[in-house]
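Visitor: I am new to reading protein models. Can you take me through this one, feature by feature?

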Amino acid sequence: MSESSAEAVGTAVTTAAASVADVPSGGWRRATGVAGVAIGVLATGAAAGVAIERMTVGRGMRKKARLALDSTGPYGSLRGTPGKAYAEDGTELYYEVDDVDPDPDAAPTRRRRLFGRRAPAPVTVVFSHGYCLSQDSWHFQRAALKGVVRAVYWDQRSHGRSARGAAQAERGEPVTIDQLGQDLKAVIDAAAPEGPIVLVGHSMGGMTVMALADRYPGLIRERVVGVALVGTSPGRLGEVNFGLPVAGVNAVRRVLPGVLKALGQRAELVEKGRRATADLFAGIIKRYSFAARDVDPAVARFAERMIESTPIDVVAEYYPAFNEHDKTGALAHFAALPVLVLAGVKDLITPSEHSEAIAALLPDAELVLVQDAGHLVILEHPEVVTDRLTDLLARTGVVPAPTTVGGCDPASS
């Protein structure tokens, strides 16, 4: 992006801040349209503006295309056995369990307990999703691993099918990454109370895994047998420039806290403005989620649908937590474990340098940098992610080394 584009973006967001922070009540309809630009940026996890390419297809045709993709795309359709866990503040956390399919060729056996012992609990792979996403973001990995391993997929507080964070909705408390780590512990206690665990986290989900290790090192030492950190960061997110020149980044950071605070207080009106700027929103999501130009339109729409379903007040209350996030010290708890660190080289949200920093602190970890990939590498290059994740599971003994998992073809899911 050029310097002039960055300055234009900074001006636009500054204007949004002024519009939101100081307008008469009758002017909110005009202000929300401008504010929608800032909302779209934040909803992709980017504290920055972006220049959008000129769109040449009519708005009506684009709307019809989105509806068609929504009705035909298989993404996010996989379901498991539902369950509920409860966070320390009472928030209801929704999760689903995919169990291992029984071997149809295996001869039936009679299980009996000898001297009070029972068969050991199976290994459980626990997946934690990123900011403004949901458990459905693991669609391709879930399709490939379904029936092969016991897996738990959960929605972070105020995301997906989980309830609105009680501490936030009832007491106005800010979200913290530490709180997310405690939420993950509650899900593990409910869905996998015993047996070995493999922790897999993407973006904010990776930070959640680090927070779990920081708060519950005994759990990591006693039960965790492997860790995968995808497109995430140990800290210093306040230094990320999101692909913008310094001038553009500084302009956005200067006004963003005020914009968010005001937008969160006018959620209903802002959501209307957000829907009105759906085309712009789609362009921003594609820019900050994917690196390849030829990404499947149905996949891009799937990502857009997850992100746009996150209410603006949730977007706002989560944002400050990322600047405060620093779990570099927690990585030491993974030092003795098989670890996969994977990132897209063109990730503008959590740059691959952050994954390299994690790997530098875990010299025995496998570092995988996917060349033509952005932040949503789990959707953009699912075959690479699934291949390396399967290898991690083989190294931890969850699956036999020669195990072949299902493909990433949507038709197979």
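Guide: Let us begin with strand pairing. Two strands pair if DSSP finds at least two bridges between them. Keep in mind that this is a predicted model.

Visitor: How many bridges join β7 to β8?

Guide: There are 5 bridges between strand β7, residues 339-344, and β8. The two strands run parallel. To find the pairing on screen, look for Ala-343, which stands opposite Leu-369 in β8.

Visitor: In what order do the strands form the sheet?

Guide: The open sheet has 8 strands, in the order β1-β2-β4-β3-β5-β6-β7-β8. Its pairing is mixed. From one strand to the next, the twist averages 20 degrees.

Visitor: Which are the edge strands?

Guide: An edge strand pairs on one side only. Here the edge strands are β1 (81-86) and β8 (366-370).

Visitor: How many bridges join β5 to β6, and how many join β6 to β7?

Guide: β5 and β6 are joined by 6 bridges and run parallel. Ile-197 stands opposite Val-224 in β6. Between β6 and β7 there are 4 bridges, and these strands run parallel too.

Visitor: How many residues of β6 are buried?

Guide: Buried means under 20% relative accessible area. In β6, 6 of the 7 residues are buried, so the strand is largely enclosed by the rest of the structure.

Visitor: Now the helices. At what angle do the axes of α6 and α7 cross?

Guide: The axes of α6 (residues 177-191) and α7 (residues 204-215) cross at roughly 80 degrees. They come within 7 Å. Angles of 65 to 115 degrees count as roughly perpendicular. The two helices are therefore roughly perpendicular to each other.

Visitor: Which residues make the contact?

Guide: On α6, they include Ile-177, Leu-180, Leu-184 and Ile-188. On α7, Met-204, Met-207, Ala-211 and Leu-212 are among them. By class, the contact has 9 nonpolar, 3 polar and 4 charged residues.

Visitor: Which strands does α7 touch?

Guide: α7 packs on the sheet and touches β3, β4 (150-154), β5 (197-202) and β6. Its direction makes about 135 degrees with that of β5.

Visitor: Let us turn to the cores. Which residues touch the most other members in the largest nonpolar core?

Guide: A nonpolar core is built from buried residues joined through side-chain atoms. The largest has 58 residues, and Phe-127 and Leu-379 touch the most other members. Leaving aside neighbours within four places in sequence, Leu-379 is in contact with residues including Phe-140, Phe-290, Val-299 and Phe-302. A second, separate core has 33 residues, among them Leu-93, Val-97, Leu-212 and Val-224.

Visitor: Last topic: backbone angles. What is phi of Cys-132, and what is phi of Arg-236?

Guide: Look for positive phi in a residue other than glycine. Phi of Cys-132 is near 65 degrees. Phi of Arg-236 is near 60 degrees. Cys-132 lies in the loop between β3 (124-128) and α4 (139-145). Arg-236 lies in the loop between β6 (224-230) and α9 (246-265).

Visitor: Are they buried or exposed?

Guide: Cys-132 is buried, with a relative accessible area of 0%. For exposed, the cut-off is over 50%. Arg-236 has 60% relative accessibility, so Arg-236 counts as exposed.

How values were computed: Residues numbered from 1 in each chain as written. Predicted model: local features only at pLDDT ≥ 70, side-chain atom pairs only at ≥ 80, totals over all residues. Heavy atoms only, no water. Axes fitted to C-alpha atoms, helices over the stretch in contact; angles between N-to-C directions. Parallel < 35°, antiparallel > 145°, perpendicular 65-115°, else oblique. Contact = heavy atoms within 4.5 Å. Nonpolar A, V, L, I, M, F, W, Y, C, P; charged D, E, K, R; others polar. Buried < 20%, exposed > 50% of the residue type's maximum accessible area, 1.4 Å probe, protein only. Core = buried A, V, L, I, M, F, W, Y, C linked by side-chain atoms within 4.5 Å.
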